[in-house]
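I open this notebook to record what I looked up, entry by entry.

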Amino acid sequence: MRRPIVPFLTPPEAAVSHGGWLLRSGEEDIPLPTEVPHWDYQTTLQLAAPVSVDRRTVTEVCHLDRESGLAVLVMVKSSHTNAEILAARLELPMADTYDLAVELQLDGPELGGRLTLTTLLVVTEPKPLDRLAPQHPGSIIWRTSHWTDLEGVGTQFPTDTVDFAAAGMDPDAGWQFRIDLADPDARFMAAARLTLNSGHPAIVRLLAGAKDAGTEQLLRTLNWDITRQMVFAGLDSDDVVGLEIDHDATSVAAVLRNLLGRIWPTVSTATLREWRRSDPSRIEIHLQHNVKLVK
């Protein structure tokens, strides 16, 4: 990782330590994995990490008066929403060493994709002893980053919940997925939405984070159904099939084109359209395999 070169002294690595993030799930805390499966926008992430700071060493090495103000900050950035959040700020007391218990609660609507957590040690009230010391409030003298990928259908688009019976919809249905291709250049996150039926007992268990076999199969079915709808919407759109793959594009047409390319990397859109017309079961079978519908 590239480190920025700063015009002031910084502490040695041993003066600040980060114990790694823990993901809190029910009664069990587990090390934050590189992937959080089956995440969706209804999920609130609860994270915790121990951080230790040797204030005496930090201030001495950085040529700061011991009474200088220091704080630990945690910045959270989401690749899908481009949101950058100040998730925590903890002021350091004047003790020689201090152990911090950093706790975060991150709301789902602000997240998605790769989640990067950057922990910073910042000089909030510098009292420099010479010109080699940090001079300005907000000077970052130490940082470390951790990341995780939020996986599942919820990473792809906003998700909300509605009681289908109260809304006059089929109460036995589990979800409704909508994707609007009227403007193919519209941002995908604004053109697609998943609505879950909060009045269905199976969906209630899903939203509560149930880990039983039935809920796991429901998640696989949900992923299969939405992927299937996105594939067919893409194949039915001239705007989608006429595009080249562009993994950095965020329009609704580009996202659907990228999805087709990911599932069928060696098959042209013209061939896929022909299969859709003459042999749709060929597409259906491959989709079941691709999303691991049957486990």
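In what order do the 5 strands of the open sheet stand, and what is the pairing? I worked from a predicted model. I read the order as S4-S10-S9-S6-S7, with mixed pairing.

I next looked up the edges. Strand S4 (35–36) and strand S7 (84–91) stand there. Each has a single partner strand, so one side of each is left without a neighbour in the sheet.

Strand S9 (residues 113–125) runs antiparallel to strand S10 (residues 139–150), and 11 bridges join the two.

I turned to helix H6, which spans residues 252–263 and has 12 residues. From first C-alpha to last, H6 reaches 17 Å, close to the 16 Å expected at 1.5 Å a residue.

Is H6 mostly covered or mostly uncovered? I found H6 mostly covered, with 10 of its 12 residues buried. Among the buried residues are Val252, Leu256, Leu259, Leu260 and Ile263, and also Arg257 and Asn258.

My last entry concerns rings. With ring centres required to lie within 6.5 Å, I recorded 0 aromatic pairs. I did record a charge over a ring: the charged end of Arg276 sits over the ring of Phe232, 4.1 Å from its centre.

Definitions and conventions: Residues are numbered from 1 along each chain as its sequence is written. This is a predicted model: local features need pLDDT of at least 70, side-chain atom pairs count only at pLDDT 80 or more; totals for chains, interfaces and linings use all residues. Side-chain values use heavy atoms; hydrogens and water are left out. Helices (H or I, at least four residues) and strands (E, at least two) are DSSP runs, numbered from the N terminus. The expected span of a helix is 1.5 Å times one less than its number of residues. Buried means under 20% relative accessible area, exposed over 50%, partly exposed in between (1.4 Å probe, protein chains only). Rings of Phe, Tyr and Trp (its six-membered ring) pair if their centres lie within 6.5 Å; planes under 30 degrees apart count as stacked, over 60 as edge-to-face and the rest as tilted. A charge sits over a ring if NZ of Lys or CZ of Arg is within 6 Å of the ring centre and within 35 degrees of the ring normal. Two strands pair if DSSP finds at least two bridges between them.
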